[in-house]
Amino acid sequence: MTAVVVSLTACNEPKSDNSTNMSTKDSTSNFSLADAKTEIEADNAIFASDVKKGDSAALAEHYHSDAQFLMPNSEPVMRSNMAATMGGMLRMGIKDVKLTLLDLTGNDDLLLETGTYEMYGDKNSLLDKGKYLVGWKKENGKWKIYRDMINTSMPAMQEGK
């Protein structure tokens, strides 16, 4: 009975040009998940190149103006502090990063990327490896990192070692 009432109510609601119905939005847009994946993979390659260059300002530019970087053992980093945070990570010895996109899903408004990362220091020494989730959102027509969360797969350090 509830389903019938909901269906009848939905049929009687006025239609709006600003519909948020995902199926309508997706069917009327030119959005292609395959094209979005190509863009994200290209941005990930540039991100890795910016790490190799040690360019914290360029790294910060990958992030949306409302971005948050969610690292283990710290408070969220907002976009206004992104360059300083990236600079601190680079000064800790990160010389290279390998990002592997495993899955990408979403629509023309928001994408969710799942992947793995490896961070390397001097002489290609592995510093950290783990998983990540990145939410992408368009800003000025370009996909930007909106939310970035990393989770190490390395064992926790034990006290006294």
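Leucine 112 has a relative accessibility of 38% in this predicted model, and because buried means under 20% and exposed means over 50%, leucine 112 counts as partly exposed. Leucine 112 belongs to strand S4, which covers residues 110-120, and together with Leu133 and Met149 it forms a nonpolar patch on the surface, the three having about 250 Å² of accessible area together.

In soluble globular proteins, nonpolar side chains tend to be buried together. The largest nonpolar core of this structure has 28 residues, and Tyr63, Phe69 and Met82 are the ones that touch the most other members. Two or more residues of this core come from each of H3, H4, S1, H5, strand S3 (96-106), S4, strand S5 (126-139) and strand S6 (142-152), with H3 giving the largest share, five residues.

An α-helix has 3.6 residues a turn, so residues three or four places apart point the same way. Methionine 82 itself, if its neighbours within four places in sequence are left aside, is in contact with Ala60, Tyr63, Ala67, Phe69 and Val77. After H5 comes glycine 93, whose phi is positive, near 115°.

Side chains of opposite charge can pair when their charged atoms come close, and the structure holds two salt bridges. In one of them, lysine 142 pairs with aspartate 43, with the closest N and O atoms 3.9 Å apart. Because lysine 142 lies in strand S6 and aspartate 43 in helix H3, this pair ties together parts that are 99 residues apart in sequence. Lysine 142 is partly exposed, with a relative accessible area of 43%, whereas aspartate 43 counts as buried at 7% relative accessibility.

Aspartate 43, which is placed in helix H3 (residues 33-53), also has a polar contact of 3.0 Å between its side chain and that of histidine 62. Beyond its neighbours within four places in sequence, aspartate 43 is in contact with His62, Trp136 and Lys142.

The other salt bridge joins arginine 79 to glutamate 61, with the closest N and O atoms 3.1 Å apart. This pair links distant parts of the chain, 18 residues apart, since arginine 79 is in the loop between S2 and H5 and glutamate 61 is in the loop between H4 and S1. Glutamate 61 is partly exposed, having a relative accessible area of 48%.

Technical notes: Residues are numbered from 1 along each chain as its sequence is written. This is a predicted model: local features need pLDDT of at least 70, side-chain atom pairs count only at pLDDT 80 or more; totals for chains, interfaces and linings use all residues. Side-chain values use heavy atoms; hydrogens and water are left out. Helices (H or I, at least four residues) and strands (E, at least two) are DSSP runs, numbered from the N terminus. Buried means under 20% relative accessible area, exposed over 50%, partly exposed in between (1.4 Å probe, protein chains only). A polar contact is a pair of N or O atoms within 3.5 Å; within protein, one must be able to donate a hydrogen and the other to accept it, and residues adjacent in sequence count only if both atoms are side-chain atoms. Contact means heavy atoms within 4.5 Å. Patches are made of residues with over 30% relative accessible area and no salt bridge: like charges are joined within 9 Å, nonpolar side chains (Val, Leu, Ile, Met, Phe, Trp, Tyr) within 5 Å. Accessible areas come from the Shrake-Rupley method with a 1.4 Å probe; for residues, only the protein chains shown count as cover. A salt bridge is a side-chain nitrogen of Lys or Arg within 4 Å of a carboxyl oxygen of Asp or Glu. A nonpolar core is a set of buried Ala, Val, Leu, Ile, Met, Phe, Trp, Tyr and Cys residues joined through side-chain atoms within 4.5 Å.
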